[in-house]
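The following note comments on selected parts of the structure shown below. Each point may be read beside the sequence and the 3D view.

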Amino acid sequence: MKTKIYTLLTAAVLAGSCLTASAQALHSGYFLEGYTFRHQLNPAFSAERNYISIPILGNINIGTQGNVGLGTFLYPQNDRLVTFMHSSINGQEFLDGLKNNNRINANINLTLLSAGFKAWGGFNTIELGLRSNTGMALPKDLFAFMKMGMSSSDTHYHMEDLGIQSNNYVELALGHSHQINDRLNVGGKLKFLFGGANISMEMTDMDVTLSQDKWMVKANGEMNASLKGLVMPTKQESGKDVTNPSQNDLIDWDNIDVDSPGLGGFGLAVDLGASYKVLDDLTISAAILDLGFISWNNNVKAATSNAAWEFDGFQNIAVDSELGDDDPNSLDSQLEALGDDLEDYASFHRRENGAKRTTSLAATLNIGAEYVFPFYDKLRFGFLSSTRINGQYSWSEGRLSANVAPLKWFDAGVNYGLSSFGSSFGWLLNFHPRGFNFFIGMDHLMGKVSPQFIPVGSANMNVSFGFNVTFGG
């Protein structure tokens, strides 16, 4: 069981730590008027000029977010990397570097095509983009069980709220921002969502007790996987022999397949925003993003048995049997049966196959305030509060920034943020003369890394850049 959990967990941590990006546009650009993709943070904002993005290169945002670093799990040793499970790694030192609830959020925002133009009394945008939001919640006791095992005569592990969630889709968004008067701007977007894949696995309660008299495991979990063409057969459907009829509906992980993947669902969402100039030098703004849902066509639902599993020792061990290890009562045979039994218990029973399922998006609330420095109006200070609303994968952030526009075609900003994942520094350089817009920046500077460039302290890092063609006044 530990081997299976370790394999799945290692793959999840590596994928979540290496293939992630910011879910919206760069937060460091919220207060920069020349930044083309401000409207992704608040639909009431309009771009400075009409624009057409360079396909795929218009807005790329890549990074990671977490309260632990990948260096917590990987260690350099003799010019190679080993995992925390290696015998040379001290178990207690490894556990001291963990949080009680270790979280990694993994999101992708890639603008495939985008255009903005002034018409109908305001500014309008059309966007086609790829979105991927992934979150992992990994309790400390899970790693303690994997690393330490039975560390005393009576060892107990409680793994609460262990989960992995991933939502992947393509988005077509139509936006409009409108100036009501000299002080008030409002905006909105309507988004058509084309589902790619959605996976959710949650263990709400899992207990492991290891004592001299018996071992006991109790798990309560559920899994949903939505993907067109997904085939998750049971062991019975795969023709595998099982000793207990109740195990016939266990998912056969060895034969999972995807047959003709494609559009897996359809949904709708809206963004709403407004900005209001309270005073000549003070503007406040707010937006709620991604209020919506996706309805999936092909969902596989599975759950654990929710009954306790117990092992109270080997029975009638055959020592001098003529059959040797082939004897069902030999120690090797009983050990193999124990491993199979425990693996089957920790697996999922399929409950629904090909059913419909509806999931909500992870909404984001942005609230900002901007102050113009009275002695130099090209210098502005801003504060942005961002809150992601997504159950146990929710997070919040406050970011204080200083932004300057010394030239008509250039502005820049630096900022400092505090969030659920720690502190970070950000910056943005934005070039926007007539004809083009190029920006590059980071919400999270990369912190301490190992010689192999593995983030040691935390998983917070990102870089964003884009190139767009601009025209008009």
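1. Asparagine 67 lies in the loop that joins β2 (59-66) to β3 (74-77). The model discussed here is predicted, and this should be kept in mind for every point.

2. Is asparagine 67 buried or exposed? The residue counts as buried because its relative accessibility is 14%, and the cut-off for burial is under 20%.

3. The side chain of asparagine 67 takes part in polar contacts with the backbone at two residues. A polar atom of this side chain lies 3.0 Å from the backbone oxygen of asparagine 101. The side chain of asparagine 67 also reaches the backbone nitrogen of arginine 103, at 2.8 Å.

4. Which residues does asparagine 67 touch, if those up to four places away in sequence are not counted? They are Lys99, Asn101, Asn102, Arg103 and Phe421.

5. Helix α3 spans residues 140-148, and its buried residues include Leu142, Phe143, Ala144, Phe145, Met146 and Lys147. After α3 comes glycine 149, which has a positive phi, near 60°.

6. Serine 275 belongs to strand β12 (residues 265-279). With a relative accessibility of 10%, serine 275 counts as buried, since the value falls under the 20% cut-off.

7. What surrounds serine 275 beyond its neighbours within four places in sequence? Serine 275 is in contact with Ala44, Phe45, Arg183, Leu184, Asn185, Ile284 and Ser285.

How values were computed
Residues are numbered from 1 along each chain as its sequence is written. This is a predicted model: local features need pLDDT of at least 70, side-chain atom pairs count only at pLDDT 80 or more; totals for chains, interfaces and linings use all residues. Side-chain values use heavy atoms; hydrogens and water are left out. Helices (H or I, at least four residues) and strands (E, at least two) are DSSP runs, numbered from the N terminus. Buried means under 20% relative accessible area, exposed over 50%, partly exposed in between (1.4 Å probe, protein chains only). A polar contact is a pair of N or O atoms within 3.5 Å; within protein, one must be able to donate a hydrogen and the other to accept it, and residues adjacent in sequence count only if both atoms are side-chain atoms. Contact means heavy atoms within 4.5 Å.
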